[in-house]
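Here is a short briefing on one protein model. Keep the structure open while you read.

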Amino acid sequence: MVLNLLNPKFTLLLAAFITLFTNNVKAQDPYQSYRQDWLKKAEENKPKLVETEKQPISMVKLEKDPTAFQGWKAVNTDSVGAFYSKSFKTQSGVVADFGEHLTGYFTFTIQSLKGTPDAPVRLKFTFGEVPSELTVPFDPYPGTISRAWLQDETVTVTEMPATITIPRRLACRYVKIELLGASPYFDFHITNMEFKATTSVMAKPPLLAQGTSQLIADIDRIGLTTLKECMQTVYEDGPKRDRRLWIGDLYLESLANLYSYQNNNLTKRCFYLLAGLSADDGVLISNVFETPEPHAQVGNRLLDYCFLYNVALKEYVAATDDKQTGLDLWPVAKKQLDMIRKYAGKDGMMDYIKAGKEWWVFFDWKDGLDKQASLQGLSIYTLNQTYALAKILGKENEVSDIPALARKLKNAAYTNLYDKKSGLFVSGVKKQISYGSQAWMVLSGVASKTEGQTALKALPSIKDAVHPGAPYMFHYYVAALIESGLKAEAKEALQTYWGGMIKKGADTFWEVYDPNDELKSPYNFYPVNSYCHAWSCTPVYFIRKYPEIFQR
């Protein structure tokens, strides 16, 4: 049989075959042969949780106070023993204070005082990390994320006596209990309130140097509590909400952990989970869940978090000398660089407008923040950190284009974003000046040490400079101050920002903190904010990595 290669039908069939073959090649999972091993290693490094039984320390009432955080404070009213001894019908709306932030499971006992229980009792429990969560009506709910994140539970008790554990895992300091319904023909009381608190933290970190100021010691202590509460069977972003592993939080938690609890198996578990649950095209998904079985939030792609995975992996391998984990996950780190190559223009500038249309580009909870300079800086930083990882692993030949590409992006950033007249870096078509832009231009090495100092020192006097919206961006600002040699300014910034939360009553550090707007929320309703949030734990990292700055 002789094929007529000029036959139009044959040409169409050949084109269809080529298209099908090409699509199949493109769709091939680059990690197919690795995934099961990665997920197995993630499971092997899953920690056992430490459980501690905690009881409330007092009963409190919530009072309005314009000087207190969000306008509410807790005031001691009675002992826990006195509460247990009285009829609950006379105490509806009472609040128990456990004296510290706890993550775990709440249990209580209910039993009759007199009469025969002839009907169910219905109770409402509300759990709050801060007092305002127990005072602001949840409904009608105005928030932009699920109402179900709010920690209120209705419990119907049909038989007494009974000891009941609320099945939902909770994160709180305060517990408010209200009576919704009960028979008039018998009375009852509540006793034995208990919280079974959980964390994967077992070790105690080293003590700070003698002579460390009380404020720094307090910031470190609360940072450690924040980190401990978020260290469950993964690095959670917040134990109240969202209770999952995000790459950006992983990076900052792993830094703090390296200098405190040193639970490095937890870090390793998180790296393998994220790799094993990445998308079929090799791109990392921004966040993953553990139950009912490990899975990613499909479609949630966050560009800057993909880059930070590489940075976190390099820091981990360099600190622990765990080269095997680095080698296992090197294909993932190498793959994430494709996004930098994709958006890097011929002029060396990252196409942040195109990237912003195709990705969630985050950097901070701050409306109006222009992210051009931040993306340029992080891209350079990621290239350099990934190349440093490659050198540790002996893989430089696989990414030999990185040094030249990093130089190209760095030179372009300096040419296009540095305003020599003002000594500041600008971002976007409106030449916006922000703390984030200066921070990433310093951390990426675009700014010289002198230029970095000039820019960072000038920021407080710039009226329209865009400030950080959350502790997440504030971390990178403090890191930039240290990188440029502004040690006193770094210490002052840390004390002012995180110390400000302490002065407002923080037991753990918060997801968002704007000193000028206590009701700020990315979700249009501040009670749904996370008041124990992983990315705010990083004073632990700064204080312990740089004792010469913060402990003297």
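K89 lies over the face of F186, at 5.8 Å from the ring centre. A charge counts as over a ring if NZ of Lys or CZ of Arg is within 6 Å of the ring centre and within 35 degrees of the ring normal. This is a predicted model: local features need pLDDT of at least 70, side-chain atom pairs need pLDDT 80 or more, and totals for chains, interfaces and linings use all residues. Residues are numbered from 1 along each chain as its sequence is written, and side-chain values use heavy atoms, leaving out hydrogens and water.

**Aromatic rings**
- Rings of Phe, Tyr and Trp (its six-membered ring) pair if their centres lie within 6.5 Å; planes under 30 degrees apart are stacked, over 60 edge-to-face, the rest tilted.
- The count comes to 49 aromatic pairs.
- F98 and F106 are edge-to-face, because their ring centres are 6.4 Å apart and their planes stand at 80 degrees.
- F98 is buried, at 3% relative accessibility (buried means under 20% relative accessible area, exposed over 50%, partly exposed in between, with a 1.4 Å probe and protein chains only).
- F106 is buried too, at 0%.
- One aromatic cluster includes W246, Y305 and W535.

**Cysteines**
- A disulfide is a pair of cysteine sulfur atoms within 2.5 Å.
- The whole structure has 0 disulfides.
- The closest cysteine sulfur to that of C532 is in C230, 4.1 Å away, too far for a bond.
- C532 is buried, with a relative accessible area of 0%.
- For C270, the closest cysteine sulfur is also in C230, but at 12 Å, again too far.
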